[in-house]
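Keep the sequence and the 3D view open while reading.

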Protein chains: 2
Amino acid sequence: MAQATGPSRSQPATLSDVARLAGVSVATASKALNGRSQVRAETRQRVVDAAERLSFRPNQLARGLLAGRTGTVGLLTSDLEGRFSIPILMGAEDAFGAGEVAVFLCDARGDAIREQHHVRALLGRRVDGLIVVGSRTDPRPSLGRELPVPVVYAYAPSDDPEDLSIVPDSVDAGRIAVTHLLACGRTRIAHITGDPGYLAARERSEGALAALADAGLTPVEEPRFGAWSEGWGRAATALLLDRHADVDAVLCGNDQIARGVMDVLRERGRRVPEDVSVMGFDDWNVLTSGSRPPLTSVDLNLEQVGRAAAHALFSAIGGGRRSGIEALPCRVVIRGSTAPLS
Amino acid sequence: MAQATGPSRSQPATLSDVARLAGVSVATASKALNGRSQVRAETRQRVVDAAERLSFRPNQLARGLLAGRTGTVGLLTSDLEGRFSIPILMGAEDAFGAGEVAVFLCDARGDAIREQHHVRALLGRRVDGLIVVGSRTDPRPSLGRELPVPVVYAYAPSDDPEDLSIVPDSVDAGRIAVTHLLACGRTRIAHITGDPGYLAARERSEGALAALADAGLTPVEEPRFGAWSEGWGRAATALLLDRHADVDAVLCGNDQIARGVMDVLRERGRRVPEDVSVMGFDDWNVLTSGSRPPLTSVDLNLEQVGRAAAHALFSAIGGGRRSGIEALPCRVVIRGSTAPLS
DNA sequence: AAACAAACCGAAAAGGCTTTCTGAAAGCTA
DNA sequence: TAGCTTTCAGAAAGCCTTTTCGGTTTGTTT
């Protein structure tokens with residue numbers, strides 16, 4: 001059988017194929033399939049059957065061309081491997097995927113040139129809107145006000161206050177973390193955190209100190225800024241214990257630092273959580289669940305950030321216009337590493 | 001100025017806008033912009049200038065409608081949060097993004113119904129092909145042979161040998177891991193691994209045992225299957241040391257298990273790597289870099305899997321037809337947790 | 001039976017682009 | 001100058017769908 005086209009090469013059926021098979025015009029076929037009211041029930045059924053037989057799927061390109069809306073959005077992330085892009089991306093995909101919207105994924109690899117390239121390509125495909133996902137909470141350059149479609153920034157806010165940005169509330173995150181430690185009866189609290197070049201580090205710290213101040217307390221020492229790593233957590237803990245042996249809680253800038261802190265506490269004979277409570281930020285499961293004991297952490301609710309961004313984009317496409325930075329609350333996930341003083 | 005449309009609402013320029021501004025017909029404008037040879041240089045320049053002035057981007061919908069190819073592909077992942085989808089997705093995005101292809105991302109959340117729904121939606125958008133990314137290496141149900149576009153499976157192979165699947169070579173991964181340990185002079189090697197319900201666990205094990213057998217060795221005890229967690233790593237190590245105190249290397253089924261193993265070795269007074277070498281699989285940076293010492297691990301080269309899948313899809317779209325399971329090599333990333341016996 | 005309304009179906013245009021084909025102008029040869 | 005070839009520009013068709021509008025059929029009313 002020297003057949004030119006195998007089964008999997010055959011062109012998808014078009015509406016006129018369906019119409020021909022059903023013995024009606026394309027106009028009627030279209031109306032029948034789209035539930036328009038100007039077709040007899042019997043005719044509609046013939047069309048539906050024909051469409052079924054040919055496994056007809058309406059060509060969204062043609063539809064989009066006509067409607068002026070494509071039902072697609074661009075998701076522009078700056079680093080896919082980053083820990084933070086993914087949950088946001090999931091939330092957005094989730095919010096969109098339920099409906100009729102498809103998502104173009106683009107990874108700019110943190111390169112502004114490549115980002116610009118992707119924006120152009122997406123606009124060429126006539127996306128209805130864009131979500132820009134950053135990898136850290138520091139403000140990033142705006143894509144500009146002249147874009148023909150709405151844009152929502154997620155996690156990393158735009159530096160233009162006219163843009164709409166959805167971010168986790170880092171200050172509040174620090175605050176609720178300390179509130180939890182206070183609720184556990186801890187009063188001699190240390191704070192070991194990451195790179196001070198990150199806004200997230202500074203804001204979490206700010207919220208933590210504010211919550212302490214509200215309780216009439218100060219940390220046992222100045223917050224220790226360093227790196228976002230287990231190694232820094234270990235090193236800082238050694239220093240901390242040498243100077244402030246009476247510490248009863250350590251608030252860590254992220255889960256990796258917390259892992260390092262807990263390791264050294266254990267080695268120095270401190271029991272967690274009995275002697276010292278420890279908590280982190282980010283609630284990264286691979287770190288929180290494997291530790292001894294499992295780590296209490298502040299979840300940034302990133303999926304919710306993604307969903308909120310998607311919904312905001314929806315309403316912006318519909319004409320609703322918001323701007324500024326909207327900060328979403330975080331939540332403490334309590335595990336074994338924090339407990340009331342007995 | 002009661003202007004109806006703000007700057008960001010204006011419709012994007014069309015080719016006929018460009019043509020009008022340049023004082024030519026749309027046909028000429030099209031030819032000018034696409035480098036066709038039937039336009040005078042001077043005319044072409046006028047068109048190019050006009051396009052520039054209007055920041056014209058050709059509508060890819062219209063183009064795709066005409067060409068029968070859209071320059072889009074669907075990336076169907078079964079769990080975005082999964083550790084393995086992301087690098088593959090990056091590799092694919094990378095391979096595509098360089099050119100003229102845009103990627104629709106869909107997450108089926110491991111649900112077959114939702115997957116089917118996404119496939120339909122993607123076909124409606126006339127994607128040129130599909131990549132299906134799984135979350136584990138066990139075979140998964142094929143999408144079927146009757147799809148109008150080519151499909152490539154990545155990481156999780158299709159259960160239909162007529163489909164093309166790109167996977168990491170798990171057997172070889174086990175083999176090269178043991179080869180590395182042997183090269184370090186280790187001979188009393190234990191194997192602690194994860195859930196035996198996972199093909200990856202069984203195949204890595206198989207490769208490891210084969211390499212040992214090739215060297216005329218057997219492991220110090222039967223491989224211990226359990227869970228993919230630090231907790232299991234710790235528990236299994238305790239059992240191991242009780243029975244085989246003379247072990248000089250532990251090959252772990254993944255990096256999390258390896259972390260648990262190393263923790264208990266340290267607590268039992270074994271030095272890593274001097275007394276016992278430890279290695280894992282997956283090369284998950286957050287785990288390998290934070291441990292003491294940094295963990296040697298087998299990298300599955302997942303980005304390469306993604307790139308290979310993208311390239312395979314390209315050539316399939318072009319008509320090239322391959323099938324079966326293609327296994328790509330892995331590589332050992334040597335860090336501080338393995339070293340030659342001194 | 002005539003007149004009218006209602007129900008149903010189809011022709012055609014639109015959306016933005018590419019491509020083919022036809023036509024006009026320019027340049028060349030004899 | 002007549003006749004030829006090149007070179008360049010435009011008209012129109014086509015891709016697939018939706019929607020408007022006009023036309024035909026059927027049913028209802030007097």
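## A loop residue in chain B

Leu217(B) sits in the loop between helix H8 (199-214) and helix H9 (230-243) of chain B. Helices (H or I, at least four residues) and strands (E, at least two) are DSSP runs, numbered from the N terminus. Leu217(B) counts as partly exposed because its relative accessibility is 25%. Buried means under 20% relative accessible area, exposed means over 50%, and partly exposed lies in between (1.4 Å probe, protein chains only).

Leaving aside neighbours within four places in sequence, Leu217(B) is in contact with Leu182(B), Thr187(B) and Leu212(B). Contact means heavy atoms within 4.5 Å. Ala50(B) is 167 residues away along the chain from Leu217(B), and the two C-alpha atoms are separated by 75 Å.

## About the model

This is a predicted model: local features need pLDDT of at least 70, side-chain atom pairs count only at pLDDT 80 or more, and totals for chains, interfaces and linings use all residues. Residues are numbered from 1 along each chain as its sequence is written, chains are lettered from A and ligands numbered from 1 in the order in which they are written, and side-chain values use heavy atoms, with hydrogens and water left out.

## Chain A as a whole

Chain A has 12 helices and 11 strands. The radius of gyration of chain A is 27 Å, well over the 20 Å that the globule rule gives for 342 residues, so chain A is more spread out than a compact globule. That radius is taken over C-alpha atoms, and the globule rule is 2.2 Å times the number of residues to the power 0.38. The C-alpha trace of chain A spans about 90 × 45 × 45 Å along its principal axes.

Of the 342 residues in chain A, 52% are buried. Among contacts in chain A with a separation of 6 or more, 70% join residues 24 or more positions apart. The accessible surface of chain A is about 14,600 Å², and carbon and sulfur atoms account for 51% of it. Accessible areas come from the Shrake-Rupley method with a 1.4 Å probe; for residues, only the protein chains shown count as cover.

## DNA strand C

Which residues come nearest to DNA strand C? Of the 25 residues around it, they are Lys31(A), Thr43(A), Leu15(B), Arg63(B) and Leu66(B). A residue is near a strand if one of its heavy atoms lies within 4 Å of it. H2 and H4 of chain A, with H2 and H4 of chain B, each supply at least two residues of this surface. By class, the surface has 12 nonpolar, 8 polar and 5 charged residues. Ala, Val, Leu, Ile, Met, Phe, Trp, Tyr, Cys and Pro count as nonpolar; Asp, Glu, Lys and Arg count as charged; the others, Gly among them, count as polar.

Of the atoms of DNA strand C within 4 Å of the protein, 63% belong to sugar or phosphate and the rest to bases. Phosphate oxygens of DNA strand C lie 2.8 Å from a polar side-chain atom of Arg63(B) and 3.2 Å from one of Asn34(B). A polar backbone atom of Ala62(B) is 3.5 Å from a base nitrogen of DNA strand C.

## DNA strand D

Around DNA strand D there are 24 residues, and Leu15(A), Arg63(A), Lys31(B), Thr43(B) and Leu66(B) come nearest.

Sugar or phosphate accounts for 65% of the atoms of DNA strand D within 4 Å of the protein. A polar side-chain atom of Lys31(B) lies 2.7 Å from a base oxygen of DNA strand D. Thr28(B) places a polar side-chain atom 3.0 Å from a phosphate oxygen of DNA strand D. For Arg40(B), a polar backbone atom is 2.9 Å from a phosphate oxygen of DNA strand D.

## Backbone details

The peptide bond from Arg292(A) to Pro293(A) is cis, with omega near -10°. A cis bond also joins Arg292(B) and Pro293(B), with omega about -10°. Pro293(B) lies in the loop between helix H11 (285-288) and strand E9 (296-299) of chain B.

Ser55(B) is not a glycine, yet its phi is positive, about 40°. Ser55(B) counts as exposed, at 57% relative accessibility. Asn301(B) has a positive phi near 55° and counts as buried, at 13% relative accessibility.

Terms used
Polar contact = N/O pair within 3.5 Å; in protein donor to acceptor, adjacent residues only side chain to side chain.
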